[in-house]
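Here is a short note for a colleague opening this entry for the first time. Please read it with the structure in view.

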Amino acid sequence: MSPGQDPPLSRVLLLVDVQVYLLKDTKDGGVPLAQKIRENIQSVLSKARSESHPPRIIHVRNCGEPSDPDEPNTLGWQLYFPPLSHEFVVDKKKNNAFAGTKLGDLIPENAEVTIVGMQSDYCVRATCRAALDRGNVVILIRGAHATFDRIEIWNGGSITKAHVIEGEIEAELDVAGVILVDMKDLPDLFTDP
């Protein structure tokens with residue numbers, strides 16, 4: 001590397017809470033459109049794994065409290081897509097996957113971080129914001145993150161549909177500096193310029 005030249009950019013694929021309890025079939029309690037979200041996340045993961053210079057792949061797993069659907073060592077807590085031996089797994093207890101974990105040690109501050117996973121309005125939002133605050137370039141893939149419908153208790157019990165919440169989060173994160181891409185952009189996502 002020549003003096004004054006920037007170090008090579010590293011890439012990370014961060015799978016946030018891609019766990020069985022969230023991605024099981026919708027009729028069994030998974031997020032709306034769980035099958036489509038699973039397919040999209042699997043496509044992103046397969047693309048990353050197939051690259052000649054793959055990104056660092058990190059699976060983040062939420063560890064719930066006793067009797068939560070993601071209580072450690074239960075079926076719901078398991079990662080939906082088993083990590084390969086060279087991929088990393090980080091367990092967390094907070095929405096922000098950097099808080100109280102070693103995630104920051106695994107992701108260089110100059111890395112481009114592509115994020116997929118659950119739930120858009122909690123862990124995805126908090127982790128995107130934390131990565132931005134660290135100075136990372138953050139990419140969020142539309143159609144590869146999701147949440148549940150929300151009951152608006154203070155608004156007469158009306159329901160805000162998951163796709164509306166996901167869109168609101170995308171707009172908020174776009175303003176914050178997250179780069180939004182679509183599934184159609186996947187062929188070029190992890191390739192070198």
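The points below cover the basis of the model, its salt bridges and one surface patch.

1. Basis. This is a predicted model: local features need pLDDT of at least 70, side-chain atom pairs count only at pLDDT 80 or more, and totals for chains, interfaces and linings use all residues. Residues are numbered from 1 along each chain as its sequence is written, and side-chain values use heavy atoms, with hydrogens and water left out.

2. Salt bridge count. A salt bridge here is a side-chain nitrogen of Lys or Arg within 4 Å of a carboxyl oxygen of Asp or Glu. By that rule the model has 15 salt bridges. Three of these pairs are taken up below.

3. Aspartate 25 and arginine 38. Their side chains form a salt bridge, 3.1 Å from N to O. The pair links distant parts of the chain, 13 residues apart. Aspartate 25 sits in the loop between helix 1 (20-23) and helix 2 (34-50), and arginine 38 lies in helix 2. Helices (H or I, at least four residues) and strands (E, at least two) are DSSP runs, numbered from the N terminus. Buried means under 20% relative accessible area, exposed means over 50%, and partly exposed falls in between (1.4 Å probe, protein chains only). Aspartate 25 is partly exposed at 33%. Arginine 38 is buried at 12%.

4. Aspartate 28 and lysine 27. Here the N to O distance of the salt bridge is 3.4 Å. Aspartate 28 is partly exposed, at 44%. Lysine 27 is exposed, at 70%.

5. Glutamate 172 and arginine 125. The closest N and O atoms of this salt bridge are 3.0 Å apart. The bridge links distant parts of the chain: glutamate 172 is in helix 5 (residues 162-176), arginine 125 in helix 4 (residues 120-134), 47 residues apart. Glutamate 172 is partly exposed at 27%. Arginine 125 is also partly exposed, at 27%. Shared partners join Arg125, Arg129 and Glu172 into one salt-bridge network.

6. Surface patch. Which residues make the nonpolar surface patch of about 600 Å²? They are Ile151, Ile153, Trp154 and Ile159. Patches are made of residues with over 30% relative accessible area and no salt bridge; like charges are joined within 9 Å, nonpolar side chains (Val, Leu, Ile, Met, Phe, Trp, Tyr) within 5 Å. Accessible areas come from the Shrake-Rupley method with a 1.4 Å probe, and for residues only the protein chains shown count as cover.

7. Tryptophan 154. Tryptophan 154 is exposed, with a relative accessible area of 88%.
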